[in-house]
Amino acid sequence: MVTDIEQIKKKIIYRSNYRGTKEMDKILGAFTKKYLDELDHNHLKELIDLLEIDDNNLYNFYNGLNTSIEFKDNKINYLFKNFKYK
């Protein structure tokens with residue numbers, strides 16, 4: 001089970017750092033680095049769901065702009081929305 005979690009975390013790290021746009025690479029990379037080791041299995045699933053969303057909608061959600069999709073009310077989306085990239 002631990003190996004499975006470590007594999008999932010590696011995939012999440014890769015996916016968060018290689019998005020397609022530099023802005024989201026930086027924001028999601030820093031977000032993942034900050035929170036990844038604190039997340040349980042269910043929250044890792046929520047993070048994977050977040051990473052499946054296209055960059056434009058993620059960027060708009062992060063910046064409080066209109067999105068073409070509805071974001072679920074969950075811990076990961078809350079943390080991401082309130083994350084301060086430095």
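The model is predicted, so local features need pLDDT of at least 70, side-chain atom pairs count only at pLDDT 80 or more, and totals for chains, interfaces and linings use all residues. Residues are numbered from 1 along each chain as its sequence is written, and side-chain values use heavy atoms, leaving out hydrogens and water.

**Asp55**
- Asp55 sits in helix α4, residues 55-62 (helices are DSSP runs of H or I, at least four residues, numbered from the N terminus).
- Asp55 is buried, at 12% relative accessible area (buried means under 20%, with a 1.4 Å probe and protein chains only).
- Its side chain makes a polar contact with the side chain of Thr21 at 3.0 Å (a pair of N or O atoms within 3.5 Å, where one must be able to donate a hydrogen and the other to accept it; residues adjacent in sequence count only if both atoms are side-chain atoms).

**Helix α4**
- In α4, 6 of the 8 residues are buried, among them Leu58, Phe61 and Tyr62.
- These buried residues pack against α2 (22-35), α3 (41-51) and α5 (75-82) (contact means heavy atoms within 4.5 Å).
- Just after α4, Gly64 has a positive phi of about 75°.

**α2 with α5**
- Met24, Ile27, Leu28, Phe31 and Tyr35 of α2 meet Ile76, Leu79 and Phe80 of α5.
- The residues of this contact are 8 nonpolar, no polar and no charged (Ala, Val, Leu, Ile, Met, Phe, Trp, Tyr, Cys and Pro count as nonpolar, Asp, Glu, Lys and Arg as charged, and the others, Gly among them, as polar).

Notes
Helices (H or I, at least four residues) and strands (E, at least two) are DSSP runs, numbered from the N terminus. Buried means under 20% relative accessible area, exposed over 50%, partly exposed in between (1.4 Å probe, protein chains only).
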